[in-house]
Amino acid sequence: MDRNSIFGLLLIGAILIGYTYLTKPSEEELKAINTRDSIARVDRLRNEQLEATRIESLKAAQYAEVKEDSVALKATYGSFAGAVNQKEELITLENKLVKLSINTKGGRINNVQLKNFQTHDSLPLLLWAENNSKFGLTFYAENKPVNTENLFFVEESGASLVDASSSQKEVSMRLMVGDGQYIEYKYSLAPDSYMVDFTVNMVGMQDIISRNSNFVTFNWQADIPSQEKGRKFEDQYTALYYKFFEDDVESLSATGEKEEELSTKVKWIGFKQQFFSSVLIADEAFKGIKLKSNTMDETSPILKNFSAEISLPYQGSQLENYPMQFYFGPNKFKTLRKYGKDIQLESMINLGWGIFGWINRYFVIEIFNFLEGFIVNYGIIILILTIIIKLLLAPLTYKSYMSTAKMKVLKPQIDAINEKIPKDKAMERQQATMALYKKAGVNPMGGCLPMLVQFPFLIALFRFFPASFELRQKSFLWATDLSSYDSILTLPWDIPFYGDHVSLFCLLMAGTNLVYTVMNGQMQSSNQMPGMKYMMYFMPIMFLGWFNNYASGLSYYYFIATLFTILQTVAIRKFMVDDDKVLAMLEANKKKPVKKSKFQQRLEEAAKQRSKK
């Protein structure tokens with residue numbers, strides 16, 4: 001380092017030392033600084049003491065508030081005060097078919113989802129939802145009303161997801177009251193099952209729930225949402241059903257507001273939708289039930305509100321046990337039947353009464369189930385079903401046509417009788433006509449009996465198609481859902497008695513019925529009632545209004561059935577029945593002696609006596 005560098009460093013050091021000496025505070029300034037620091041330190045300590053005092057005051061206030069709330073809760077809820085104001089948690093219990101969401105608040109089923117199905121607008125299908133249902137027990141404990149729906153339960157295992165896809169699993173929800181004192185809701189689900197075992201256990205509650213109480217009340221209420229395409233028929237087929245113990249299945253009216261109290265034993269209560277149901281089934285029987293059904297306005301997304309209040313017997317023992325089951329699933333005849341013929345869940349499906357229901361249960365459904373194993377297209381299944389039914393009824397169709405053909409070839413002779421006998425002698429004209437029929441061996445009512453035999457099939461299928469789960473959301477040609485109406489055109493307005501759309505299957509059905517009516521008109525005799533002819537032509541027009549909103553599967557069936565009948569009629573007329581041969585046969589019958597029964601002789605004698613008067 002050279003001399004200049006050393007000199008520069010010494011100069012810089014001298015400057016720094018001089019600056020420090022010249023700028024240092026005086027003794028008075030040092031005293032002022034120390035005074036300010038002391039004041040700041042005192043202020044800080046005072047503020048810390050004030051904050052500590054404030055926190056202690058808040059803690060004391062909170063403790064007092066908690067103590068006050070505890071006293072208030074104890075006064076309101078008694079022994080159940082510890083089950084209030086807890087955190088809500090959801091536990092899922094599911095298999096491959098059903099998903100239950102169970103809430104710790106109330107220990108209740110929050111919602112039920114059927115995993116393999118969707119609504120008509122492709123949304124998850126929920127049988128009921130949290131905000132649209134009630135589920136729980138009500139009773140008096142320690143002279144206070146208690147509703148378990150407002151109290152918090154604890155799930156025993158602590159699991160949030162319980163999967164029953166491979167083995168039966170259960171979820172135990174307990175409303176804890178004290179050591180060895182609790183109310184338990186136990187849910188158990190098996191693989192590939194729509195049935196949920198549901199058990200209510202009351203353990204050690206004999207000193208809390210008065211022994212003077214003869215029952216506790218289980219409340220179940222749900223808003224039934226619209227799930228399907230056609231609200232009108234969905235509403236018509238949505239109702240509250242119940243089955244008397246070892247007796248028939250009944251239902252509340254599907255319209256308006258209905259309420260009913262049942263004192264007799266009941267096996268189950270069902271909240272039935274058009275294609276799905278929630279059913280509460282007793283292990284033995286319920287007794288003391290109040291049911292209520294209320295229909296909502298058409299603008300509401302809710303169809304109906306159903307509620308059931310069920311009295312469960314209470315004896316005040318150490319353990320009170322109420323085993324039940326829930327069915328959450330489709331209204332499919334085969335599925336419902338497998339849970340037991342004695343339970344009769346399948347009776348919720350409105351397949352018609354008497355012979356109509358019998359035809360559907362033991363003929364139509366069996367054919368559907370058989371054909372489902374080979375054919376996936378339900379339009380083809382309906383076609384084959386139609387052909388089977390028409391072939392079975394073909395002999396009756398032939399007999400009906402023969403009766404009509406006989407009346408037709410006798411028409412000129414009947415016209416001659418009418419010209420010969422004036423209108424004012426109606427009785428004489430009628431006697432002459434009946435005498436002609438008798439000689440020719442013609443029964444004027446012969447065509448009616450075959451039609452009466454076919455009539456039950458028409459009515460049975462009228463009931464089957466709208467209620468058939470098999471057709472739900474099954475498409476065919478332009479129809480997207482054979483259980484609801486098809487539409488090829490949406491109208492800008494709603495036409496009274498018709499609707500706001502055009503159903504092509506309905507048009508085809510009405511058209512074929514008109515063609516068949518014209519064909520029949522050509523075969524009718526002049527003895528037909530005057531107004532009947534015009535009524536027959538008016539019927540196809542009425543069909544447009546009746547069936548435009550109905551299940552497209554039904555309109556399709558009636559269209560195919562009528563078309564098949566037209567083809568049968570043409571084939572019989574062309575290849576099997578000759579009018580000349582029929583007339584020759586009737587003329588031959590006239591030559592044969594007519595045998596009259598004593599009853600017929602008395603009738604004719606009575607008719608003659610009346611004509612003389």
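Q: Which residue forms a salt bridge with Arg337?
A: A salt bridge here is a side-chain nitrogen of Lys or Arg within 4 Å of a carboxyl oxygen of Asp or Glu. In this predicted model, local features need pLDDT of at least 70 and side-chain atom pairs count only at pLDDT 80 or more, while totals for chains, interfaces and linings use all residues. Residues are numbered from 1 along each chain as its sequence is written, and side-chain values use heavy atoms, with hydrogens and water left out. The closest N and O atoms are 3.0 Å apart, and the partner of Arg337 is Glu346.

Q: Is Glu346 buried or exposed?
A: Buried means under 20% relative accessible area, exposed over 50%, and partly exposed in between, with a 1.4 Å probe and protein chains only. Glu346 has a relative accessible area of 5%, so this residue is buried.

Q: How many residues apart are Glu149 and Arg108?
A: The side chains of Glu149 and Arg108 meet in a salt bridge of 3.2 Å, N to O. Glu149 is buried because its relative accessible area is 16%, and Arg108 is buried too, at 5%. Strands (E, at least two residues) and helices (H or I, at least four) are DSSP runs numbered from the N terminus. Glu149 sits in the loop between β6 and β7 and Arg108 in the loop between β2 and β3, so the pair links distant parts of the chain, the separation being 41 residues.

Q: In which strand does Arg174, the salt-bridge partner of Glu184, lie?
A: The closest N and O atoms of Glu184 and Arg174 are 3.2 Å apart. Glu184 belongs to strand β10 (residues 181-189), ten residues from its partner, and Arg174 belongs to strand β9 (residues 169-178).

Q: How far from Asp223 is the nearest side chain of opposite charge?
A: Asp223 lies in strand β12 and is buried yet has no salt bridge. For charge, Lys and Arg count as positive and Asp and Glu as negative, with His and the chain ends not counted. The side chain in question is that of Lys134, at 9.3 Å.

Q: Is Ser552 buried or exposed?
A: Ser552 lies in helix α13 (residues 552-576). Contact means heavy atoms within 4.5 Å, and, not counting residues up to four places away in sequence, Ser552 touches several residues, including Ala479, Asp481 and Phe505. Its relative accessibility is 0%, so Ser552 counts as buried.

Q: How far apart in space are Gly511 and Leu544?
A: Gly511 lies in helix α11 (residues 504-523) and is partly exposed, with a relative accessible area of 30%. Gly511 and Leu544 are 33 residues apart in sequence, and their C-alpha to C-alpha distance is 9.6 Å.

Q: What share of the residues of the protein count as buried?
A: The protein has 15 helices and 22 strands. Of its 613 residues, the share that count as buried is 43%.
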